[in-house]
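Take a look at the chain below.

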Amino acid sequence: MKIAIALLACLGLVAAASVHQSHKVTIADQTFLQKQKFLFEILYRVDEPLAFVEYIKMGNKFYFEETHYTHYDLYMTKFFEAHKAHALLPKGEFFGALVKYHAKQARGLFNFFYFAKDWETFMGNAVWARMHVNEGMFVHALTLAVIHREDLQGLILPAIHEIFPQYFFHSKFVMEAEKFDYDMWMRMSLYEKEYMDVYHKDTKYGQGHGQTYGQTYGQGLQTSDYMYIKDFKTWQWWKLMGLGEHFHHEDKYILRENSYEFNQDAKWLAMMKDVQKFYMPVDYSRDLQLTNLESKLTYFTEDLGWNAYWYYLNMDYAFYLDSNTFGLKNDRRGEWWLHNVHQLLGRYHMERLSHRMGEIPEFSWHHEIEMGYNPQLIHYGGVGFSTRKNYYEMETHGNFEMLGRITGFLNRVHNIIDLGYYLTSDGHKIDLRKPESLEFVGNLMQGNIDAADKMFFQFWYLLAHMYIAEVDYQQMEVIPHVMLNFETMMRDPLFYTFYKEIAEVYHQFTHHLPKYTKEQLLLDGVTLKHVDIGKMTTYFDLVDHDVTNLLNGKMTFHEGQFVWDKALFARQMRLNHKPLTQTYTIESSKEEKVVIRAFLGPKFDEFGRTISLADNRMNFVEIDEFTYELKAGTNQIIRKSNEYQWTTKDRTTYTELYHYVMLAFDGKYEFPLDISEPHCGFPDRLILPMGWRNGMPMQMFFMVTAYEEPEHKQYSTFDHIHSCGIGSGSRFVDSLPFGYPFDRTIDETEFLVPNMYFADVEIYHEEPMEKYQQFKGYTNLGHFDYSFFHDYYTKYSFEH
């Protein structure tokens, strides 16, 4: 079982302060384990009634009295009044974090969690809320509290896709999982095995009627089955293995990137031996009704890690958390949020180029939206998510007052940036020609509580999402819509066109800043001579996502203790890349601490035309950033992708974490606090766009800069082993602007200096199923071949 080397301190698309390093592992004590056990059990099957008797006894009281809190505010009072009036969002209804009244009630509940004086108050409130408050609101508030309360640092919550799988997998899979019945499955599996074994035995040598598999899809096993797959994609692997889209049982290890690290681990095998593991093949949403080009990208836009990253970013820097109380100003929260929007759009743009799709379409409130979208999601309450037809006109929903406020805000922001300053209502002047004012602009665009002149600016962001989702001001019970929650909105192509409008404000602000001069960019005495870049190859691998929360059968208890004896998994193919290596050759005239940055960006547009550096700067995405102590002379630095500080591998699953906790609780295991990857890292798998078989031309940019320590770093108590460091001011490598040196307009005659290096690269894409078919063939139809990973990694030119 993989234990993460360190809890990373970074989020997103630039590096953070911590480094991958050996450290003394901190082992959880009994108090910590008690809290961790509670959090895992309180979130188990969260959309069903609480089944743990020991907690149910605590759930008859919520601590509304002010004496139980370090702070008591208006939102807490309003929540209490809504509870007394039976006006809270009912259980079973859709919760939208960006619905006005939902957000207000969620903020009140979060404050009751966050400001609780002690664990007993927090625990009692959590149990009561689990039993009486809307499920989505409860998870939202609890997640925020665990992230931001200092006394809960190091505690782990299940990944958001494990808490609410309904928001990440299409409705066909969710319905299959929710009706999963173990007793019925046992009877059916015995029946199917009997006739399927005969069926495959009779046909696997091509006897009988029909077309052979080899004739249809190339060399390989011949069968009489006629197979037709419309727009076949490699992630529909189960069809080639003769597997149906229903649950299968295999007494094997869980598939993920690091399967090889634990599938032979005696501790893990002993722990999981009594857990029956079921998996079902899962596809991405298909263009069954809405045919448009965007459906090519569903493997990317619906990737769990991609969507979870945006969700956790907006939990770490939630729009209603103020900087003073939570220390978010130390992290430059407005600039950081806006930079992430820009970087995510850049990464999405590269994925579009890999399919020759080009620029992200422009957004307009007054013209048709060309690309429709059917999320094929179903809320746990049974209501399907809203569908948008092709060529949809947003104005037809008719709330023109709300639309006027949204567009009026955007016009006002563009105007004040062009003007160069902003006068607040109290007469304070903000100079918008200073680079540090990007923090002000970022707060405006996120619509967070730190935005200047809250009456004018604070609610535009929330209202914009409500308008897109056709939700009115006073509406409480709403139809589910992907744009109302951070964990679902990046599935929709509209997200990228709308957020491009936000990024345009960022571009407008940076356009007015003075260009960097050669003297500012130059690092005297340092020359980046060369960077050797290994082959860059992407592929699709298989992963099992834990969806055990979808089980609806009777829970098993033995002597009052919950027995987690079954686990459901969604087996899915997702984009990944082979390990990356960069070897830097740097000459320095003296010893010096520096920061080395690496960016990836396109070289050509969708028509094969070279993009000028001045136009292309906003398309570069930072993939690595780290500090290094240069020595005088020639320095050779080998940097591997598993050392990238802001990225994470797959998280330990909910099922495994619970069993580890229970082993430790019984004194049979030492539970390390860094057992799972942090919630705040960007998926390492998604650094590279898909690439082409013959190589997709791209370019990389590298730069060495002098180290400038962040303002709060030397005073911080941030421990990267136990925390993501939100609000510490120590999360980032240095104090330079995010995205430097591409954060300003480029003068190409001044830009190139010896401490920079450009390199042309090509990104290749391999189809592992084709390689597997070519060398091995399918010899066991109807069963999953667990040797697939071993063979592909060791025999077929894959370097671990």
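## The disulfide

Which residue does a disulfide join to Cys680? The partner is Cys724, with an S to S distance of 2.2 Å. A disulfide here is a pair of cysteine sulfur atoms within 2.5 Å. A search of the whole structure finds one. This is a predicted model: local features need pLDDT of at least 70, side-chain atom pairs count only at pLDDT 80 or more, and totals for chains, interfaces and linings use all residues. Residues are numbered from 1 along each chain as its sequence is written, and side-chain values use heavy atoms, leaving out hydrogens and water.

The torsion about the S-S bond of Cys680 and Cys724 is about -90 degrees, so the disulfide is left-handed. The pair links distant parts of the chain, 44 residues apart. Cys680 sits in the loop between H26 and E15. Cys724 sits in the loop between strand E16 (696-706) and helix H27 (748-751). Helices (H or I, at least four residues) and strands (E, at least two) are DSSP runs, numbered from the N terminus. Cys680 has a relative accessible area of 2%, so Cys680 is buried. Cys724 is buried too, at 7%. Buried means under 20% relative accessible area, exposed over 50%, and partly exposed in between (1.4 Å probe, protein chains only).

## His679

His679 lies in the loop between helix H26 (654-665) and strand E15 (682-683). Is His679 buried or exposed? His679 counts as buried because its relative accessibility is 18%.

Which side chain makes a polar contact with the side chain of His679? Asp316 does, at 2.9 Å. A polar contact is a pair of N or O atoms within 3.5 Å; within protein, one must be able to donate a hydrogen and the other to accept it, and residues adjacent in sequence count only if both atoms are side-chain atoms. Leaving aside neighbours within four places in sequence, His679 is in contact (heavy atoms within 4.5 Å) with Ile147, Tyr312, Asp316, Arg651 and Cys724.

Thr143 is part of helix H6 (residues 135-148). Thr143 counts as buried because its relative accessibility is 5%. Not counting residues up to four places away in sequence, Thr143 touches Leu157, Tyr311, Tyr312 and Met315.

Val46 is found in the loop between helix H1 (30-42) and helix H2 (53-56). Its relative accessible area is 2%, so Val46 is buried. Beyond its neighbours within four places in sequence, the contacts of Val46 include Arg130, Phe138, Ile163 and Asn549. From C-alpha to C-alpha, Val46 and Met131 are 9.4 Å apart in space, but 85 residues apart in sequence.

## The largest cavity

What volume does the largest cavity have? The volume is about 410 Å³, counted as the space filled by probe spheres set on grid points joined across faces, edges and corners. A cavity is a set of points, on a 1 Å grid over the protein atoms alone, where a 1.4 Å probe fits but cannot get out; lining residues have an atom within 4 Å of a point. Of the 31 lining residues, the closest to the centre are His161, Gly305, Lys649, Asp650 and Arg651.

Helix H7 (160-163), helix H15 (304-316), strand E6 (536-546) and E15 each supply at least two lining residues. H15 gives the largest share, five residues.

## The whole chain

The chain has 29 helices and 17 strands. Of its 800 residues, 62% count as buried.

How values were computed:
1 Å grid on protein atoms, 1.4 Å probe; cavity = no way out; pocket = protein on both sides within 12 Å on 5 of 7 lines; lining within 4 Å.
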